[in-house]
Amino acid sequence: MLSYRHAFHAGNFADILKHFVLFLVLQYYNQKDKPYFYIDTHSGAGLYCLSNEQSQKTGEYIDGVQRLYQAQSLPPLLSEFKNQILNILPDNNHYAGSPYIAAKTAKMDTKLRLFEQHNNEFILLNQTVKLLNIQKRTITHNNDGFNGLLSLLPPPTRRAIILIDPSYEIKDDYEKVIHTLKKAIKKFATGCFLIWYPILQYEESKRLPEQLKTLAPKWLKAELSVKSFSKDGFGMAGSGMFIINPPYVLNEQLKNTLADLCSLLKQDNSTNYSIEYQND
Ligand code: SAM
C-alpha cells in the first residue's frame with residue numbers, strides 16, 4: 001500500500017537540490033548532437049499546484065522553491081535554474097516535478113520513460129504528459145520502477161539519464177536501490193544514474209551513500225543539510241544526490257554553487273553541505 005504523496009512535499013528543500021542537479025545533467029547531455037533517453041523510476045504527478053490543500057498543509061515549499069523565487073542575487077547556474085523553472089511553469093503558483101523538468105529541459109528528440117506505481121499519481125502524471133504535449137516521445141508505466149528500469153536497459157541510444165527517486169517510506173527501498181543498481185550497471189555500465197536519498201537518523205539512510213560508493217568507479221556525492229535533526233529523532237535534516245558516471249563538469253559546477261544554495265535554504269545553524277567526487 002503506497003501512502004506517500006509528493007504533493008505534500010513538492011518544491012521543498014530536497015526537491016531544489018534534486019532538480020538543480022537534474023537540470024545540470026540534462027544541460028550537459030544536451031550539448032552533444034546525439035539522442036538520449038530520460039528514465040524516471042519514481043515519477044510522481046509531474047506538476048504540483050502550491051495553493052492546493054496538500055501543499056498548504058505542510059507549507060514545505062515556503063522554505064524551498066519560494067525562497068528560490070524570492071532570491072535577489074544568485075550565482076549564474078542557480079539563476080539559470082530558477083529562470084528555467086519560472087519559464088516552463090504556467091505560473092509561480094506551481095512547481096514542476098522531475099518528468100516536467102526533464103521534458104522541458106531535454107532536447108526535443110529525447111524519449112521519456114516514466115514509471116509511477118500509485119494509481120492516482122499515475123492518472124495525474126498522464127494529465128501532465130498530455131499538458132506538455134509529449135505523448136509521442138513518452139511512455140508512462142503504471143508499475144514498479146525498479147523492475148521497469150531493468151527491462152529498459154541498455155537503451156537503444158546507449159546514452160541515458162536515469163533518475164531513481166523513491167520516497168524511502170518503505171525501508172525496502174534502500175535495499176531495492178542497491179539491488180537494482182547492481183543489475184542496472186551490469187546491463188548499462190555507462191548510464192548516468194542519479195539517486196536521491198534523505199538524510200535521516202536511520203541506519204539504512206546512513207549506510208546508503210557508503211553502499212552506493214562501492215557500485216561503480218565514477219561517482220559524485222552531494223549532500224545538503226538545512227537543519228539539525230529534531231529531538232525526537234524523526235524528520236529529514238537534508239538530502240543527498242548520488243550520481244554514477246557524472247558529467248565531468250558537475251563537480252566544479254556544484255563546488256561553485258552549493259555554498260550559495262546552502263545559505264538560501266538554511267533553516268538553522270546546522271546547515272552544511274559536502275561534495276565527494278571519485279573519477280577513477
Ligand atoms: N521524482 C518525483 C519528482 O522529483 O518530482 C518525485 C517522486 S516521489 C519522491 C516518489 C514517487 O514514487 C511517488 O509518487 C510514489 O507513488 C512512487 N512510487 C513508490 N514506489 C514506487 C515503485 N516501486 N515504482 C514506481 N513508483 C513508485
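This is a predicted model: local features need pLDDT of at least 70, side-chain atom pairs count only at pLDDT 80 or more; totals for chains, interfaces and linings use all residues.
Reader: How should I read the packing of two helices, and at what angle do H1 and H4 pack?

Author: Two packed helices are described by the angle between their axes and by the distance between those axes. In this model, helix H1, residues 13-30, packs with helix H4, residues 76-88, at an angle of about 95 degrees, and their axes are 10 Å apart. Angles from 65 to 115 degrees count as roughly perpendicular, and H1 and H4 are therefore roughly perpendicular to each other.

Reader: Which residues of H1 and H4 meet?

Author: From H1 come Ile16, His19, Phe20, Phe23, Leu24 and Gln27, and these meet Leu77, Leu78, Glu80, Phe81 and Gln84 of H4. Sorted by class, the contact of H1 with H4 has seven nonpolar, three polar and one charged residues.

Reader: At what angle do the axes of H7 and H8 cross?

Author: The axes of H7 and helix H8, the latter spanning residues 172-187, cross at roughly 0 degrees and come within 10 Å. Angles under 35 degrees count as roughly parallel, and H7 and H8 are therefore roughly parallel to each other. On the H7 side the contact involves Phe146, Leu149 and Leu150, which meet residues of H8 including Asp173, Lys176, Val177 and Thr180. By class, this contact of H7 with H8 has five nonpolar, one polar and four charged residues.

Reader: Turning to the ligand, how many residues surround it, and which are the closest?

Author: The ligand is surrounded by 19 residues, of which the closest are His42, Glu116, Asp144, Gly145 and Asp165. For polar contacts, one looks at the separations between N or O atoms. An oxygen atom of the ligand is 3.0 Å from an N or O atom in the side chain of Lys18, and an oxygen atom of the ligand is 2.8 Å from such an atom in the side chain of His19, a residue that also takes part in the contact of H1 with H4. A nitrogen atom of the ligand, in turn, is 3.1 Å from an N or O atom in the side chain of Gln117.

Reader: How much of the ligand does the protein bury?

Author: Taken alone, the ligand exposes 600 Å², and the protein buries 97% of that area.

Notes:
Residues are numbered from 1 along each chain as its sequence is written. Side-chain values use heavy atoms; hydrogens and water are left out. Axes are lines fitted to C-alpha atoms, for helices over the stretch in contact, and angles run from 0 to 180 degrees between N-to-C directions. Helices (H or I, at least four residues) and strands (E, at least two) are DSSP runs, numbered from the N terminus. Angles under 35 degrees count as roughly parallel, over 145 as roughly antiparallel, 65 to 115 as roughly perpendicular and the rest as oblique. Contact means heavy atoms within 4.5 Å. Ala, Val, Leu, Ile, Met, Phe, Trp, Tyr, Cys and Pro count as nonpolar, Asp, Glu, Lys and Arg as charged, and the others, Gly among them, as polar. A residue is near a molecule or strand if one of its heavy atoms lies within 4 Å of it. A polar contact is a pair of N or O atoms within 3.5 Å; within protein, one must be able to donate a hydrogen and the other to accept it, and residues adjacent in sequence count only if both atoms are side-chain atoms. Accessible areas come from the Shrake-Rupley method with a 1.4 Å probe; for residues, only the protein chains shown count as cover.
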